[in-house]
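This report covers salt bridges, nonpolar cores and one surface patch. Please read it alongside the sequence and the 3D view.

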Amino acid sequence: MSIPDKNEEKQSSALWDWVIGIGLVLLIGAGIWFYQSQKKESHTRFSEADVLFQSGEFRQAAAIYEELKQAQYATPSQDSLLYERLDSIAVIREQDEADFNRVTTLLEKGDTLSARIIRDRTAFRGMLDEEEKRLLESF
């Protein structure tokens with residue numbers, strides 16, 4: 001049986017110190033990179049949703065805002081804007097649905113003229129689905 005050499009033991013220990021040190025540096029670097037990429041992606045998605053909302057594309061904006069609820073990074077102002085915009089879109093959706101229901105109620109009663117007048121005077125803002133849009137265009 002041989003006696004372990006103290007120099008050999010020190011070299012092995014120093015090697016593991018370097019391996020652990022480099023591993024920690026890589027792990028921290030990967031964490032910082034991930035955080036920065038999530039931050040950049042969130043900012044990009046917020047910008048896309050804002051452009052869609054401002055241009056009146058409420059359905060697409062709502063879909064992106066719903067995704068952003070789960071975002072890894074959002075500033076407090078972005079978070080407030082997110083919920084404010086989702087509330088606004090919900091109000092728009094409710095208004096479109098109420099106007100659509102008024103039109104369909106008149107159609108069910110056979111009052112096509114009143115339904116057409118309401119349809120022509122109402123600014124539907126894109127929250128109706130395709131079937132509802134076809135119905136509005138059919139008379």
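## Arg102 and Asp99

Arg102 has a relative accessible area of 44% and is therefore partly exposed, a class that lies between buried (under 20%) and exposed (over 50%), with a 1.4 Å probe and protein chains only. Its salt-bridge partner is Asp99, with the closest N and O atoms 3.2 Å apart. A salt bridge here is a side-chain nitrogen of Lys or Arg within 4 Å of a carboxyl oxygen of Asp or Glu. Asp99 counts as buried because its relative accessibility is 18%. Both residues belong to helix 3 (residues 76-108), where they are three residues apart, about one turn of the helix. Helices (H or I, at least four residues) are DSSP runs, numbered from the N terminus.

The model is predicted: local features need pLDDT of at least 70 and side-chain atom pairs pLDDT 80 or more, while totals for chains, interfaces and linings use all residues. Residues are numbered from 1 along each chain as its sequence is written, and side-chain values use heavy atoms, leaving out hydrogens and water.

## Other salt bridges

Seven salt bridges are found in a search of the whole structure. One of them links Glu130 and Lys133, with the closest N and O atoms 3.6 Å apart. These two residues sit three residues apart in helix 5 (residues 130-137), so about one helical turn separates them. Glu130 is partly exposed at 49% relative accessible area, and Lys133 is also partly exposed, at 30%. Elsewhere, salt bridges with shared partners connect Arg45, Glu48 and Glu67 in one network.

## Arg119 and its surroundings

Arg119 is part of helix 4 (residues 112-121). Its relative accessibility is 17%, so Arg119 counts as buried. Arg119 forms a salt bridge with Asp120, the closest N and O atoms being 3.1 Å apart. Asp120 counts as exposed because its relative accessibility is 54%.

The side chains of Arg119 and Asp120 also make a polar contact of 3.1 Å. A polar contact is a pair of N or O atoms within 3.5 Å; within protein, one must be able to donate a hydrogen and the other to accept it, and for residues adjacent in sequence both must be side-chain atoms. Beyond its neighbours within four places in sequence, Arg119 is in contact (heavy atoms within 4.5 Å) with Val103, Phe124, Leu136, Glu137 and Phe139.

## Nonpolar cores

The largest nonpolar core has 14 residues, of which Phe53, Phe58, Tyr65, Leu68, Leu82 and Ile89 touch the most other members. Such a core is a set of buried Ala, Val, Leu, Ile, Met, Phe, Trp, Tyr and Cys residues joined through side-chain atoms within 4.5 Å. At least two residues come from each of helix 1, helix 2 (58-68) and helix 3. Helix 2 supplies the largest share, six residues.

Apart from neighbours within four places in sequence, Phe53 contacts Phe58, Ala61, Tyr65, Arg85, Ser88 and Ile89. A second, separate core has seven residues, among them Phe100, Ala115, Leu128 and Phe139.

## Surface patch

Leu15, Trp16, Val19, Ile20, Leu24, Leu27, Ile28 and Ile32 make up a nonpolar patch on the surface, together having about 850 Å² of accessible area. Patches take residues with over 30% relative accessible area and no salt bridge, joining like charges within 9 Å and nonpolar side chains (Val, Leu, Ile, Met, Phe, Trp, Tyr) within 5 Å. Accessible areas come from the Shrake-Rupley method with a 1.4 Å probe; for residues, only the protein chains shown count as cover. Val19 lies in helix 1 (residues 6-54). Val19 counts as partly exposed because its relative accessibility is 43%.
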